[in-house]
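Me: I've got a fold open on my screen and I'd like to learn how to read it. Could you walk me through it?

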Amino acid sequence: MDKLILSNGIEIPPIGLGTYPMYGDTLTNSVISAYKAGFRLIDTADNYYNEKDLGESLAKLYEKTSANRNELFIVTKLSDELYPAGTIGGGANRGIYFWKNSSLMQSPNAVRNIIEQKLSNSLQCLKTDYLDALLMHWPYPDYFEEIWYEMERLYKKGIVRSIGVCNCRERHFEKLKVSSEIFPMINQFETSPLNTKFPLLKYCDDHNVKVMIYSPLKSLQYKNQQEYHEYIRKVSEKYGKNPVQIILRFDIQRGMIPIPKSSNAARLQSNINIFDFSLTDEEMDKLMNFNLDLAYMPESRSCPGL
Ligand SMILES: NC(=O)c1ccc[n+]([C@@H]2O[C@H](COP(=O)([O-])OP(=O)(O)OC[C@H]3O[C@@H](n4cnc5c(N)ncnc54)[C@H](OP(=O)(O)O)[C@@H]3O)[C@@H](O)[C@H]2O)c1
């Protein structure tokens, strides 16, 4: 299982564990099982409200196994929801940030203050003094470049080892090309054989932006795509793998980082057991040709037109 390299030279595991929506013991069991299966990258976000539970899960992981913080790659995200100052783990009084009409954005240096508070909260929850990747959860149009500027500052300070975005299209990157000093290292979005997003993938490839794939298994939910399911089943039988493994292998062979979520130890083991076979070029092409631009998650369907 070779690691990939981000544009700033740091290593990143080729597959990760999605953690939404998992909490408490379910999350702890998933994190420990995932580590034992070989997962080293863990994805969360401030607005999954599970960073505190993830921090506690990590503490149990370090206690019960030989795992240590430095071998993990922890990803969290900055969202427009923020828990009130002083609380950890969020919950009730959610605020809406990063929108011009929000009363919470009226104070001077609001973006900087919110991001610093948010980061400090994430670090405290996750029981760590650095992050491996900090991603902007969505290209919030009113403050997109300003948020990115603050993320660059955190990167330069060394508190985050890499910075990136989620759900961004070519036009968002073009904005940053003009205004920013550091180009995003990661773009996390939804893509699958039914939603190949070829132009965006090419753009990311051309600009050395690593693609992290969320909701990588959702294409299997489209029950009406019979030809697709039949083909996946045929390929699964050929390799003695299951359909999920074929999809994840397809992602890996495109040089992307899928982050499937599972709360089940056997499925976690199976999801990472994809490094002992390869799809042929013909099979990759055939899978790519199922594209129908079917985006499953709402956040991947709409995007602000900056
Ligand atoms: N940046 C963003 O805007 C964004 C948006 C959405 C999600 N995400 C991140 O991406 C992660 C993954 O996305 P997701 O959770 O939406 O979807 P997903 O990982 O594609 O699918 C998760 C579902 O698949 C099931 N599953 C996992 N492995 C399986 C297997 N081998 N066989 C059968 N079923 C299996 C899981 O059930 P069990 O748990 O029961 O196994 C769960 O119901 C999230 O957890 C989150 O970290 C990011």
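Me: In which sense do strand E11 and E12 pair, and over how many bridges?
Reply: First, the ground rules: this is a predicted model, where local features need pLDDT of at least 70, side-chain atom pairs count only at pLDDT 80 or more, and totals for chains, interfaces and linings use all residues. Residues are numbered from 1 along each chain as its sequence is written. Strands (E, at least two residues) and helices (H or I, at least four) are DSSP runs numbered from the N terminus, and two strands pair if DSSP finds at least two bridges between them. Here, E11 (residues 210-213) and E12 pair in the parallel sense over two bridges. Met212 stands opposite Ile257 in E12.

Me: What order do the strands take in the open sheet?
Reply: Eight strands line up as E3-E4-E5-E8-E9-E10-E11-E12, with parallel pairing. Strand E3 (16-18) and strand E12 (257-258) are the edges, each pairing on one side only. Inside that order, three bridges join E8 (residues 133-136) to E9 in parallel, and Leu134 has Ile163 of E9 as its bridge partner.

Me: Which way do the residues of strand E9 point?
Reply: In a regular strand the side chains alternate between the two faces of the sheet. In E9 (residues 163-166), Ile163 and Val165 point one way, Gly164 and Cys166 the other, and all are buried. Buried means 20 or more other C-beta atoms within 10 Å of the residue's own (exposed is 12 or fewer, partly exposed in between), with C-beta atoms placed from the backbone. Across the chain, 43% of the 306 residues count as buried.

Me: How many residues are in the largest nonpolar core?
Reply: A nonpolar core is a set of buried Ala, Val, Leu, Ile, Met, Phe, Trp, Tyr and Cys residues joined through C-beta atoms within 7 Å. The largest one has 71 residues, and Leu134, Met136, Ile147 and Ile257 are among those with the most contacts inside it. For contact, the C-beta atoms, placed from the backbone, must lie within 7 Å. Leaving aside neighbours within four places in sequence, Ile147 touches Leu78, Phe98, Val111, Ile115, Met136 and Tyr140.

Me: And the ligand: which residues are closest to it?
Reply: Gly18, Tyr214, Leu217, Lys261 and Ser262 are the closest of the 25 residues surrounding the ligand (C-beta atom, placed from the backbone, within 6 Å). Helix H9 (residues 265-272) gives the most to that shell, with three residues.

Methods:
Contact = placed C-beta atoms within 7 Å.
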